[in-house]
Amino acid sequence: MKVKQSSKKHMTHGCLSQAEIIERLETSGVNATAQRIAIGKYVLSEAEHPTADDVKLWADKNFPKMSLATVYNTLNILVEAKLLKEFKFPHTGKVVYDSNITKHHHFYDEDTGIVSDIPLDQVEVLTKLKRTYNITDIEVVIRGSRRR
Ligand SMILES: [Zn+2]
């Protein structure tokens, strides 16, 4: 896959113009309809780890006629196009959508429910499983609260 100059901005939120969203959709083979552009702008550059319900709540305020099915369909299309990653929390089954498609860990704030990204190099995992398990990936969810 060719990496475009604009994808360098991927880690930062809130900086994608409508034109950049359209470009990103079309580069990934997604037909840029008005609804996909709108949801794409929200999930790819404004929201951070929203659930489908979060996206629906946002859509209700901005696009009152958008159905929950459309929201789910659009999220699925973005996931299939690899613009968005579906992240399911173990134990709770809570599903959030992640616009950071690079490998990273997560911090779950138990006070606010906010999920934030933790760069891979910030967590070191030691395991003694190497001899019995062939480990291909380690994804960590750290829970807690932020010190104020
Ligand atoms: Zn993330």
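User: In which loop is the place of His 49?

Analyst: This is a predicted model, in which local features need pLDDT of at least 70 and side-chain atom pairs count only at pLDDT 80 or more, while totals for chains, interfaces and linings use all residues. Residues are numbered from 1 along each chain as its sequence is written, and side-chain values use heavy atoms, with hydrogens and water left out. Helices (H or I, at least four residues) and strands (E, at least two) are DSSP runs, numbered from the N terminus. With elements named in this way, the place of His 49 is the loop between H2 and H3.

User: What pattern does the protein follow when read along the sequence?

Analyst: The protein contains four helices and five strands. Read along the sequence, these elements follow the pattern α-α-α-α-β-β-β-β-β.

User: Which residues coordinate the zinc ion?

Analyst: Donors are N, O and S atoms within 2.8 Å of the metal (3.2 Å for Na, K and Ca), and sites may look incomplete because water is not among the atoms. In sequence, the donor residues of the zinc ion are spaced H-x48-D-x5-H-x1-H-x10-D. At 2.0 to 2.2 Å, the ion is coordinated by His 49 (NE2), Asp 98 (OD), His 104 (NE2), His 106 (NE2) and Asp 117 (OD).

User: How many residues apart in sequence are the parts that His 49 and Asp 117 tie together?

Analyst: Both His 49 and Asp 117 coordinate the zinc ion. His 49 comes from the loop between helix H2 (34-46) and helix H3 (52-62), whereas Asp 117 belongs to strand S4 (residues 115-118), so the parts that this pair ties together are apart in sequence by 68 residues.

User: Is His 49 buried or exposed?

Analyst: Buried means under 20% relative accessible area, exposed over 50%, and partly exposed in between (1.4 Å probe, protein chains only). Asp 117, at 24%, is partly exposed. With a relative accessibility of 6%, His 49 counts as buried.

User: Which residues does His 104 touch, leaving aside those up to four places away in sequence?

Analyst: His 104 is placed in the loop between strand S2 (95-98) and S3, and its relative accessible area of 4% makes it buried. Its side chain makes a polar contact (a pair of N or O atoms within 3.5 Å; within protein, one must be able to donate a hydrogen and the other to accept it, and residues adjacent in sequence count only if both atoms are side-chain atoms) with the side chain of Asp 98 at 2.9 Å. The side chain also reaches the backbone oxygen of Thr 102 at 2.7 Å. By contact, meaning heavy atoms within 4.5 Å, His 104 touches His 49, Lys 85, Asp 98, Asp 117, Ile 118, Leu 120 and Glu 139.

User: In S4, which residue is the bridge partner of His 105?

Analyst: Two strands pair if DSSP finds at least two bridges between them. Strand S3 (residues 105-109) and S4 run antiparallel and are joined by four bridges. Their hairpin has five residues between the strands, and there Gly 113 takes a positive phi near 80°. In S4, the bridge partner of His 105 is Ile 118.

User: What covers the buried residues of H2?

Analyst: The buried residues of H2 include Ile 37, Ile 39, Val 43 and Leu 44. Ile 39, not counting residues up to four places away in sequence, touches Val 55, Trp 58, Met 66, Val 71, Thr 74, Leu 75 and Leu 78. What covers the buried residues of H2 includes helix H1 (18-27), H3 and helix H4 (68-80).

User: What is the phi of Lys 82?

Analyst: Most residues other than glycine have a negative phi. Lys 82 lies in the loop between H4 and strand S1 (85-88) and is exposed, with a relative accessible area of 60%. Although Lys 82 is not a glycine, its phi is positive, at about 65°.
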